Amino acid sequence: MVDLIGVAEAQREELAARSRAIEEARRVPQDVVERLADAGFFRMLVPRAYGGLETDPATFVRALVALSRGDAAVGWCAMVGSASGLLSAYIDPTEARSIWSDPRLVAAGVFAPTATGKRVEGGWEITGRWAFASGSEHAAVRAGGFVGEGPDGKPVMRQALFDASATRIHDTWDVMGLGGTGSHDMSAEAVFVPDARIADLDAPPLEKTPLTVFPVFGLLAIGVAGVALGIAEAAVTDLVALATAKKPVAASRPVSHRETVQLEVGRGRAAIEAALAGLCTAADAIHARTLRGEAVRLEDKLRLRRAATFATHTSAEVVTAMHKAAGGTSVYNKCPLGRHLRNVHVATQHIMVQEQTYVVAGRAALGLDVSEKGL
């Protein structure tokens, strides 16, 4: 098994040095994409049957934390590529094996069903546009959710896997944070997608393994949280470096001797460790059930989503505290803390970790009805 965490940690300093350039270019450099592909970061959640790593969920999280410590956009694109790889378990096995036969293949896309599909012979004709298509510029396969009419006349939601050439990227990614993810809009105009490339996430996976029966949206949520935690770790590391070197005017000792700074660093590290532990414990609990062949319970799904939301928003609080503790230095673009602040607050806006998740968990705790759809 590839030591993904070790590989990520080995390139942290290089990625951090290139982070500002990645943000300005609004995409992850091709050499970095190829390095990630070769190491298997885009195949973390692809079944072994199709050449994937089938990484356990907690390792998936920790690998993203390590990668995002170097650069948040790189971690984010690895997360999206991995999550898109999950679709391999839901499409025709022969087609999945063919698509992922290329070890450097990168898949990306958007789960949100913002397109429409018309049933035609042998597949679907799909038209629509998707926002937030992270990493799609370097993806050979692009996925997009759509709504169509099922056999009974009722609407159904599906995922389509397009060849990149069948879709169009619109330059829309002018944003405050995670600029390097290249999350432009993507569109398709009356594109035919065969049934073999259509995934139904409401149905059981066609390739059943302990990983593929793990809640799909739960994996996406913990992936977002892993990136946020990596950003928080980077912020603490950068504040420590700044505080050790920075000596205020007329001061005899560096900022690191200030008790307020010591407090924030200590509290920040504790918050990250607690959030990461809670997240991995919740993920391990579900993975243990799937390894035993047991069904995943609603309470397990809710615990996982609470943990992912908590970890993401706790990360934002830590980064905000580090940015504040840095003082006036943090307002300069050469200081990475400003970039960490922007990046982590964009991560909190992802629908999988928005605070509405707490409402769903609260309803369940209060004995009210809760839908498992989307969990």
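## Burial and overall dimensions

Of the 375 residues of the chain, 54% count as buried, a figure that refers, like every other value in this report, to a predicted model. The accessible surface of the chain comes to about 16,100 Å², and carbon and sulfur atoms supply 53% of that area. The secondary structure consists of 11 helices and 7 strands.

Along the principal axes, the C-alpha atoms fill a box of roughly 80 × 45 × 35 Å. Among contacts in the chain with a separation of 6 or more, 74% are accounted for by residues 24 or more positions apart.

## The packing of H4 and H7

Two packed helices are described by the angle between their axes and by the distance between those axes. For helix H4 (residues 57-70) and helix H7 (residues 216-245), the axes come within 7 Å of each other and cross at roughly 35°, and the crossing is right-handed. On the H4 side the contact is made by Pro57, Phe60, Val61, Leu64, Val65, Ser68 and Arg69, while H7 contributes Leu219, Ile222, Gly223, Gly226, Val227, Leu229, Gly230, Ile231, Glu233, Ala234 and Thr237.

Which backbone angle of Glu54 is positive although the residue is not a glycine? The angle is phi, with a value of about 45°. Glu54 is found in the loop between helix H3 (30-39) and H4, and with a relative accessible area of 13% this residue counts as buried, because the cut-off for burial is under 20%.

Leu178, likewise a residue other than glycine, has a positive phi near 50°. Its position is in the loop between strand E5 (168-170) and strand E6 (185-194), and at 3% relative accessibility Leu178 counts as buried.

Leaving aside its neighbours within four places in sequence, Met176 is in contact with Arg342, His345 and Val346. From Ser68, by comparison, Met176 is 108 residues away in sequence and 18 Å away in space, taken C-alpha to C-alpha; Ser68 is itself one of the H4 residues in the contact with H7.

Ala199 lies in strand E7 (residues 198-199) and is buried, with a relative accessible area of 0%. Apart from neighbours within four places in sequence, the residues in contact with Ala199 are Leu87, Tyr90, Ile91, Arg158 and Gln159. The C-alpha atoms of Ala199 and Leu366, which are 167 residues apart along the chain, are separated by 35 Å.

Is Pro151 buried or exposed? At 92% relative accessibility Pro151 counts as exposed, whereas Ala199 has a relative accessible area of 0%. Pro151 is found in the loop between strand E3 (141-149) and strand E4 (155-163). Between Pro151 and Arg119 there are 9.5 Å in space, C-alpha to C-alpha, with the two residues 32 apart in sequence.

Key: Residues are numbered from 1 along each chain as its sequence is written. This is a predicted model: local features need pLDDT of at least 70, side-chain atom pairs count only at pLDDT 80 or more; totals for chains, interfaces and linings use all residues. Side-chain values use heavy atoms; hydrogens and water are left out. Axes are lines fitted to C-alpha atoms, for helices over the stretch in contact, and angles run from 0 to 180 degrees between N-to-C directions. Helices (H or I, at least four residues) and strands (E, at least two) are DSSP runs, numbered from the N terminus. A crossing is left-handed if the near helix is turned anticlockwise from the far one by less than a right angle, and right-handed if clockwise. Contact means heavy atoms within 4.5 Å. Buried means under 20% relative accessible area, exposed over 50%, partly exposed in between (1.4 Å probe, protein chains only). Accessible areas come from the Shrake-Rupley method with a 1.4 Å probe; for residues, only the protein chains shown count as cover.
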